[in-house]
Amino acid sequence: MSLISELRKKSKKDLVEDARSLKQEQMNLRFQKAYGQLESPARIRTVRRQIARIKTLLSQNNREGAKNA
């Protein structure tokens, strides 16, 4: 589980890669749920929130970059 402080230390490239892999995991979890093979339903919620954290950080970084330009 990534804490927000750990995510802030990462570069933009790393955050984008993390978001991409989490979205892939989210899709796999949806398929598992549909087929009745999901072992941990709470993982869906955790992944969704991690994606939201990363998206929030990326948008904050974009706004800060626009202000400085």
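Q: What makes a residue count as buried here, in this predicted model?
A: The model is predicted. Buried means under 20% relative accessible area.

Q: Why is Gln26 called buried?
A: Its relative accessible area is 16%. The cut-off is under 20%, so Gln26 counts as buried.

Q: Where is Gln26 found, and which residues is Gln26 in contact with beyond its neighbours within four places in sequence?
A: Gln26 sits in helix H2, residues 12-34. Its contacts beyond that local stretch are Val47, Arg48 and Ile51.

Q: Which other residues of H2 are buried, and what covers them?
A: Besides Gln26, the buried residues in H2 are Leu15, Ala19, Leu22 and Leu29. Their cover includes H1 and H3.

Q: What makes H2 and H3 roughly antiparallel?
A: The two helices pack at an angle of about 155°, and their axes lie 9 Å apart. Angles over 145 degrees count as roughly antiparallel, so H2 is roughly antiparallel to H3. The contact involves, among others, Leu22, Gln26 and Leu29 of H2 and Val47, Arg48 and Ile51 of H3.

Q: What is the hand of the crossing between H2 and H3?
A: H2 passes H3 in a left-handed crossing.

Q: How do you know that the span of H3 is close to the expected one?
A: H3 has 27 residues. From first C-alpha to last, H3 reaches 40 Å, close to the 39 Å expected at 1.5 Å a residue.

Q: Which residues make up the largest nonpolar core?
A: Twelve residues make up this core: Leu7, Leu15, Ala19, Leu22, Leu29, Leu38, Ile44, Val47, Ile51, Ile54, Leu57 and Leu58. H2 and helix H3 (42-68) are the elements that give two or more residues to the core. H3 provides the largest share, six residues.

Q: Why might nonpolar side chains be found together?
A: In soluble globular proteins, nonpolar side chains tend to be buried together.

Q: Which residues of H3 are buried, and what do they pack against?
A: Ile44, Val47, Gln50, Ile51, Ile54, Leu57 and Leu58 are buried in H3. The buried residues of H3 pack against helix H1 (4-8) and H2.

Q: Which residues is Ile44 in contact with, leaving aside neighbours within four places in sequence?
A: Ile44 is in contact with Leu29, Lys33 and Leu38.

Q: What follows H2, and is its phi positive or negative?
A: Gly36 follows H2, and its phi is positive, near 75°.

Terms used: Residues are numbered from 1 along each chain as its sequence is written. This is a predicted model: local features need pLDDT of at least 70, side-chain atom pairs count only at pLDDT 80 or more; totals for chains, interfaces and linings use all residues. Side-chain values use heavy atoms; hydrogens and water are left out. Buried means under 20% relative accessible area, exposed over 50%, partly exposed in between (1.4 Å probe, protein chains only). Contact means heavy atoms within 4.5 Å. A nonpolar core is a set of buried Ala, Val, Leu, Ile, Met, Phe, Trp, Tyr and Cys residues joined through side-chain atoms within 4.5 Å. The expected span of a helix is 1.5 Å times one less than its number of residues. Axes are lines fitted to C-alpha atoms, for helices over the stretch in contact, and angles run from 0 to 180 degrees between N-to-C directions. Angles under 35 degrees count as roughly parallel, over 145 as roughly antiparallel, 65 to 115 as roughly perpendicular and the rest as oblique. A crossing is left-handed if the near helix is turned anticlockwise from the far one by less than a right angle, and right-handed if clockwise.
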